[in-house]
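The following exercises are to be worked with the sequence and the coordinates at hand. Each task is followed by a solution in steps.

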Amino acid sequence: MLDLIETMTDPAQGIWAYNFFMGPVTLGPIALTDNVIGEFGWDGENYHFDTGWVEMVEKQSEYARLGYQAIQGSDAYLAVVPDDMWPGESGHVAIQMDAYWTMNNIYTQPAALERGLQMVPYNSPIGEGVEEGGQFGWIDMVSVSATTEHPREAYEVAKFLTWGKEGWLERANQYGVLTNEAGDKIYRLPGSLPMIEDDEVVAALSPLFPDLGYWNDWSGYLANIQNPVTFGGRTIPGFNTFIADYYHGSDYNGYVGIEAAINAGAIDPYDYTDALDEAGRQYYQDAMKVFYSVYGE
């Protein structure tokens, strides 16, 4: 993946390697750490900033300096895409690190296909020599409207459709038949995928994947989903506060935020791995104290 990033930017054709939303510093530590269940090598009790993060934060800093990222609104981007279209659907980004459902919402829609966008879904790779590394994946968020007359039933439906085999078989049925007010199918392919390996569920979903014409290896794609790991804010207590206050908010040799200091060459990231591990663990423990005070242990 890094080799592709380093070879796919082509200024002469107005092509950038990847979009600005996410990069190696998010995917890398997950893919390069064994027994990982969260961002930055989180194993359930501790972060591991010494595995993957240093290499990837330095890579990402290098890639930004070399102009491999498409930055919406920048002078370089506006020179190629004057209407400032979102890079992911502009046709000028080779790798879009994004949620799986972008395939349904954008890349299988007529507007994209008629413009010649031919995007192929790939699973995030796991590092060489890493046996239990993770693959970054988005987790759907479900909410219940405050105006619903039946909040408990709404919650039960959401739980049924999300966490059980029978619910996923029903999802497969609904993905195939749901339409909008115009009568068009809402889902050109399944809108999301389960974090389970079940032959019956896969068999129910498989007929719903379209032959894109230029690519049709959905079975290979599904077989390669091994260990999905999502954003730390979804699963790690205290993560968002840790990132906002300490990672991005603290002073590092005169720069606010550790990545800003690394980008400026003001610090060596190797010197901060232990401090980041300790700070992250402290924010986790503080969040758990609040949790236990409300719900008990």
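**Exercise 1: The sheet**

Strands β1 and β2 run parallel and are joined by two bridges. The model is a predicted one, in which local features need pLDDT of at least 70 and side-chain atom pairs count only at pLDDT 80 or more, while totals for chains, interfaces and linings use all residues. Residues are numbered from 1 along each chain as its sequence is written, and side-chain values use heavy atoms, with hydrogens and water left out.

Task: determine which order the three strands of the open sheet have.

Solution. 
- Step 1. Strands are DSSP runs of E of at least two residues, and helices are runs of H or I of at least four, both numbered from the N terminus. Two strands pair if DSSP finds at least two bridges between them.
- Step 2. On the β2 side, N19 stands opposite A70.
- Step 3. β1, comprising residues 16–19, also pairs with β3 in the parallel sense, over two bridges. There W16 has V93 as its bridge partner.

**Exercise 2: Salt bridges**

Task: state how many salt bridges the structure holds, and examine three of them.

Solution. 
- Step 1. A salt bridge requires a side-chain nitrogen of Lys or Arg within 4 Å of a carboxyl oxygen of Asp or Glu. The structure holds six.
- Step 2. One of them joins K59 and E6, at 2.9 Å from N to O. K59 belongs to helix α3 and E6 to helix α1 (residues 2–8), so this pair ties together parts 53 residues apart in sequence.
- Step 3. Accessibility is classed as buried under 20% relative accessible area, exposed over 50%, and partly exposed in between (1.4 Å probe, protein chains only). K59, at 24%, is partly exposed, and E6, at 31%, is likewise partly exposed.
- Step 4. E156 and R152 meet at 2.6 Å, N to O. Both lie in helix α7, four residues apart, or about one turn of the helix. E156 is partly exposed at 29%, whereas R152 is exposed at 53%. A network of salt bridges links R152, E156 and K159.
- Step 5. In the pair R281 and E278, the closest N and O atoms are 2.2 Å apart. These residues are three apart in helix α14, a separation of about one helical turn.

**Exercise 3: Positive phi**

Solution. 
- Step 1. N35 has a phi near 55°, a positive value in a residue other than glycine. N35 is placed in the loop between α2 and α3.
- Step 2. N253 is not a glycine either, yet its phi is positive, about 55°. N253 sits in the loop between β6 (251–252) and β7 (255–256).
- Step 3. The relative accessibility of N35 is 53%, which counts as exposed; N253 is exposed as well, at 52%.

**Exercise 4: Two positions compared**

Task: find what distance separates the C-alpha atoms of A158 and G254.

Solution. 
- Step 1. A158 lies in helix α7, residues 151–163, and is buried, with 18% relative accessible area.
- Step 2. A158 and G254 are 96 residues apart along the chain, and their C-alpha atoms are separated by 47 Å.
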